[in-house]
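Here's a quick briefing to read with the model open beside you. Take a look at the structure, then work through the points below.

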Amino acid sequence: MVVHIVCMGVAGTGKSTLARRLARELDGFAFAEGDDFHSAENRARMSRGEPLTDEDRAPWLAAIRDWMAEKAEAGTSTVVACSALKRRYRDVLREGGGRVFFVHIAPPDETVRERLMKRAGHFMKVDQLDNQLAVLEPLEGDEDGVVVADSHEPDRIITDILPLLTRLDRD
């Protein structure tokens, strides 16, 4: 069975770092950085501190979904770093074929704020965090996924959740 693991959460949670490492640990899983699917216009807007609207995000989410679907058609499982802040965004990603499992990385807000203040060279700035936190809709009980609500290093998080993830294709 094809499995798509989506590492989700607000900017600065470490979803890209965790997703890259998970893709390496889960042999044969393809990796995608969701930010790479943004249009140049969306990147420019975010760089100026302008939050994206649902309409702005729609083609971005469709492009990620389509990439997941292409991989699923080829029989390849994936790990994707994508904010997936709202349920309706996750609904689009669930159309990617196969099983879509969300890993919501949710360290304390202050930890995220500190990380964003130290991060250089990224279009997402710390002043956009409050908007993302306001928009965030946590996973609901009927959504396939797990919440990682700590701020441990990625290696420890992987150690904690890898047994769960390696069983996904058998459940």
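Helices (H or I, at least four residues) and strands (E, at least two) are DSSP runs, numbered from the N terminus. What you're looking at is a predicted model: local features need pLDDT of at least 70, side-chain atom pairs count only at pLDDT 80 or more, and totals for chains, interfaces and linings use all residues. Residues are numbered from 1 along each chain as its sequence is written, and side-chain values use heavy atoms, with hydrogens and water left out.

**A loop and its aromatic pair**
- Find aspartate 36 in the loop between β2 and α2 (40-47).
- Aspartate 36 counts as exposed because its relative accessibility is 57% (buried is under 20% relative accessible area, exposed over 50%, partly exposed in between, with a 1.4 Å probe and protein chains only).
- Aspartate 36 and isoleucine 64 sit 28 residues apart in sequence, and their C-alpha atoms are 9.3 Å apart in space.
- The structure has one aromatic pair (rings of Phe, Tyr and Trp, its six-membered ring, pair if their centres lie within 6.5 Å; planes under 30 degrees apart count as stacked, over 60 as edge-to-face and the rest as tilted).
- Phenylalanine 37 and tryptophan 67 make up this edge-to-face pair, at 6.3 Å centre to centre with 65° between the planes.
- The pair links distant parts of the chain, 30 residues apart: phenylalanine 37 is in the loop between β2 and α2, and tryptophan 67 is in helix α3 (residues 54-73).
- Phenylalanine 37 counts as partly exposed because its relative accessibility is 23%, while tryptophan 67, at 15%, counts as buried.

**The sheet**
- Five strands form an open sheet in the order β2-β3-β1-β4-β5, with parallel pairing (two strands pair if DSSP finds at least two bridges between them).
- At the edges are β2 (30-33) and β5, each pairing on one side only.
- β4 and β5 run parallel and are joined by four bridges.
- Isoleucine 105 stands opposite valine 148 in β5.

**Helix α7**
- Helix α7 (residues 154-166) has 13 residues and reaches 17 Å from first C-alpha to last, close to the 18 Å expected at 1.5 Å a residue (the expected span is 1.5 Å times one less than the number of residues).
- Its buried residues include Ile157, Ile161 and Leu165.
- The buried residues of α7 pack against β1 (3-8), α1 (15-25), β4 (99-105) and β5 (145-148) (contact means heavy atoms within 4.5 Å).
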